[in-house]
Amino acid sequence: MNATQLQDFKDLLSVPSKTYKEEGMVKYITSVLDNIEGVSYYLDHKMNVYATKGKLPEGKYYPMFIAHTDTVHELQDKIVVKEEYLRKPNTFGKSYDDTEYLSLKGYLEDGTPTGIGGDDKVGIFIAIELLKTLNYCKVGLFVSEETGCIGSSQCDLSFLEDVGYAIQFDCPGDHLITEYCSGVQLYQKNGEFINKILPIFSKAMGCDIDQQSHPYTDVSQIKLKGDFSCINFSCGYYNMHTSKEFVVVQDVENAFNSALNMVNELGFELYEFLGPNDTYENDYDDDDLYTFNSTIWDNIEMEYTNDEFTIEDHRTDNFISLDYEQTVELYLFLKEQLNDKY
Ligand SMILES: [Zn+2]
């Protein structure tokens, strides 16, 4: 990342944003978009931002990049962004050695730590940098993801008509992708789309990739509306949803580079994927999020035996097994999250 990019990144990270209080962030984004040559954009009634770079010929499809404009942290007047060298904490089952990485962390003016909101300001940063770098792409920045994908569930469908595939950067750490999201399969297992891009992402991040189920993010809503493949990747934020959150600069740069290489590899074609719509009513109603979620609850089974705790999703056959020690770890993690929030 060059000095200008790093400064732009810090500027973006210093913009406060909280679910339903996202005006400041959207204003910041539009002021940046105003200064990127060749980009046109519009906002819808929810304040979702839709940007397009370049005009592709008929029969070609845009890569679309997705992020969300809210964070879970309380809205502050000002976030002071500091550079620090930090160790990566255990993240979704991956532990790290004691290497310290150049990181950005958020503080209030009195020095109290505050969540920097890398979830998902990193995704916004990557999307904006791609608009600057690529000749052709689309970007959708959706409001209020953290309370149930409020913005993306009402995405303007006409914007998706010439999209060939959608990529979101909204996973913590450096080693995760989302294959299933809210019970929605995002791409075809072992299909052309994933087989082309997984090695690119793995190489860029410098590690093996774990295919995980992510609770929810916008890409699941977009997948329900489009016939193209979608995916969600790690982008280098750690300790998400806590005041100790930080972002690792090198991870963000690697994720950005992986996106450039993916577009090079995938090109401006349609990577059709119809799968998930088969498992849902085709007249799925956006306003019916509660019913949608309840169908997921119906399919989740938890079992606790003497030495193992298992959560299984019958819809996808995904399951997680935790031994006693891991269950304790999970308890401590949840306790920390709740203490931080309440
Ligand atoms: Zn997020």
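Two strands count as paired if DSSP finds at least two bridges between them. Strands themselves (E, at least two residues) and helices (H or I, at least four) are DSSP runs, numbered from the N terminus. With that in hand, let's start in strand 11, where phenylalanine 233 is the bridge partner of phenylalanine 169.

A quick word on what you're looking at. Residues are numbered from 1 along each chain as its sequence is written. This is a predicted model, where local features need pLDDT of at least 70 and side-chain atom pairs count only at pLDDT 80 or more, while totals for chains, interfaces and linings use all residues.

**How confident is the prediction?**

The pLDDT is the predictor's confidence in each residue, from 0 to 100. The protein chain averages 89, and 92% of the residues score at least 70. Residues 276-294 are another story: the pLDDT there is below 50, and beyond near neighbours in sequence the stretch has eleven contacts in the model. Here a contact means two C-beta atoms, placed from the backbone, within 7 Å. Where pLDDT is low, the predicted coordinates should not be read in detail.

**Strand 7 and its partners**

Strand 7 covers residues 163-171, and nine of its nine residues are buried. Buried means that 20 or more other C-beta atoms lie within 10 Å of a residue's own; 12 or fewer makes it exposed, anything in between partly exposed, with C-beta atoms placed from the backbone. Strand 3 (residues 62-68) runs parallel to strand 7, joined by five bridges, and methionine 64 has alanine 166 as its bridge partner. Strand 11 (residues 229-234) is also parallel to strand 7, with six bridges.

Here are the strand pairs discussed in this report:

| Pair | Direction | Bridges |
|---|---|---|
| Strand 3 and strand 7 | parallel | five |
| Strand 7 and strand 11 | parallel | six |
| Strand 12 and strand 13 | antiparallel | two |
| Strand 15 and strand 16 | antiparallel | six |

**The core**

A nonpolar core is a set of buried Ala, Val, Leu, Ile, Met, Phe, Trp, Tyr and Cys residues joined through C-beta atoms within 7 Å. The largest one has 77 residues, and Phe65, Ile126, Ala127 and Ala166 touch the most other members. Helix 3 (residues 118-133) gives the most to this core, with eight residues. Leaving aside neighbours within four places in sequence, alanine 127 is in contact with Phe65, Ala67, Val139 and Leu141.

**Tyrosine 238 and its sheet**

Four strands form an open antiparallel sheet in the order 4-5-13-12. Strand 4 (80-87) and strand 12 are the edges, each pairing on one side only. Tyrosine 238 sits in strand 12 (residues 237-238), opposite phenylalanine 246 in strand 13. Is tyrosine 238 buried or exposed? Tyrosine 238 is buried, because 26 other C-beta atoms lie within 10 Å. Not counting residues up to four places away in sequence, tyrosine 238 touches several residues, among them Lys88, Pro172 and Val248.

An automatic or database domain assignment sets the bounds, dividing the protein chain into domain 1 (3-277) and domain 2 (288-341). Their C-alpha centres lie 25 Å apart. Nine residues of domain 1 are in contact with eight residues of domain 2.

Finally, strand 15 (residues 308-313) and strand 16 (residues 318-323) make a hairpin with four residues between the strands. Aspartate 317 takes a positive phi near 65° there, and threonine 310 has serine 321 as its bridge partner in strand 16.
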